[in-house]
Amino acid sequence: MTEPQKLLILTSIVLFMFSALAWTIYTIEDLKEQKEYQRNYLIGYAPHFYFENCFEVQGKITKYNALEEQTDSNPFITATGQRVREGIIANNCLKFGTYVEIDGIFYTVADRLNPRYGCEHYDIFCWDLEEAMEYGCQTKAIKVCY
């Protein structure tokens with residue numbers, strides 16, 4: 001292989017790496033910019049059809065953030081493979097796609113918790129770390145709808 005060919009290959013690799021890095025930074029920033037949109041339009045959205053199966057339970061509710069120390073090594077992806085967004089809730093026993101109503105706001109089950117947590121624990125996703133810390137752990141009535 002000649003010297004110009006090696007230089008061309010090396011340049012291509014470097015450009016590819018920089019473009020991949022720029023895309024990653026863009027997607028993380030893009031997720032953060034969508035915070036207000038999600039707060040205003042996605043949270044609390046309930047489907048406009050009649051729920052056939054609903055029941056109420058008492059549950060322990062906390063909030064979590066997209067941080068590796070609170071999730072896993074890929075904190076921006078849920079257990080269903082979706083990107084994290086407000087309006088998602090984690091529970092270990094309910095089917096993905098189940099709607100959960102807490103304080104009049106609907107969430108969609110799209111994530112799981114650490115296996116040490118039981119079926120009575122619900123973890124709401126939010127972007128703001130301070131908000132999650134202030135929320136703490138609360139026991140509330142939860143309406144579960146299929």
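**Close-ups of salt bridges and disulfides**

**View 1. Lys140 is buried, with 18% relative accessible area.** Buried means under 20% relative accessible area, exposed means over 50%, and partly exposed lies in between (1.4 Å probe, protein chains only). This is a predicted model: local features need pLDDT of at least 70, side-chain atom pairs count only at pLDDT 80 or more, and totals for chains, interfaces and linings use all residues. Residues are numbered from 1 along each chain as its sequence is written, and side-chain values use heavy atoms, leaving out hydrogens and water.

**View 2. Asp103 and Lys140 form a salt bridge.** Their closest N and O atoms are 2.4 Å apart. Asp103 sits in the loop between strand S3 (99-102) and strand S4 (105-111), and Lys140 in strand S6 (residues 138-145), so the pair ties together parts 37 residues apart in sequence. Asp103 is exposed, at 57% relative accessibility. A salt bridge here is a side-chain nitrogen of Lys or Arg within 4 Å of a carboxyl oxygen of Asp or Glu. By this rule there are two salt bridges. Helices (H or I, at least four residues) and strands (E, at least two) are DSSP runs, numbered from the N terminus.

**View 3. Glu131 pairs with Lys63 in a salt bridge.** The closest N and O atoms of Glu131 and Lys63 are 2.8 Å apart. Glu131 lies in helix H3 (residues 129-135) and Lys63 in strand S1 (residues 54-64), so this pair links parts 68 residues apart in sequence. Both Glu131 and Lys63 are buried.

**View 4. Cys54 and Cys145 form a disulfide.** A disulfide is a pair of cysteine sulfur atoms within 2.5 Å. The sulfur atoms of Cys54 and Cys145 are 2.3 Å apart. Cys54 belongs to strand S1 and Cys145 to strand S6, so the pair ties together parts 91 residues apart in sequence. The torsion about their S-S bond is about 115 degrees, so this disulfide is right-handed. Cys54 is partly exposed, at 35% relative accessibility. Cys145 is buried, at 0%.

**View 5. Cys93 and Cys119 form a disulfide.** Their sulfur atoms are 1.7 Å apart. Cys93 lies in the loop between strand S2 (88-90) and S3, and Cys119 in the loop between S4 and strand S5 (121-125), so the pair joins parts 26 residues apart in sequence. With -70 degrees about the S-S bond, the link of Cys93 and Cys119 is left-handed. Cys93 is partly exposed, at 43%. Cys119 is partly exposed too, at 41%. The structure holds two disulfides. With the bonded cysteines numbered in sequence order, the pairing is 1-4, 2-3.
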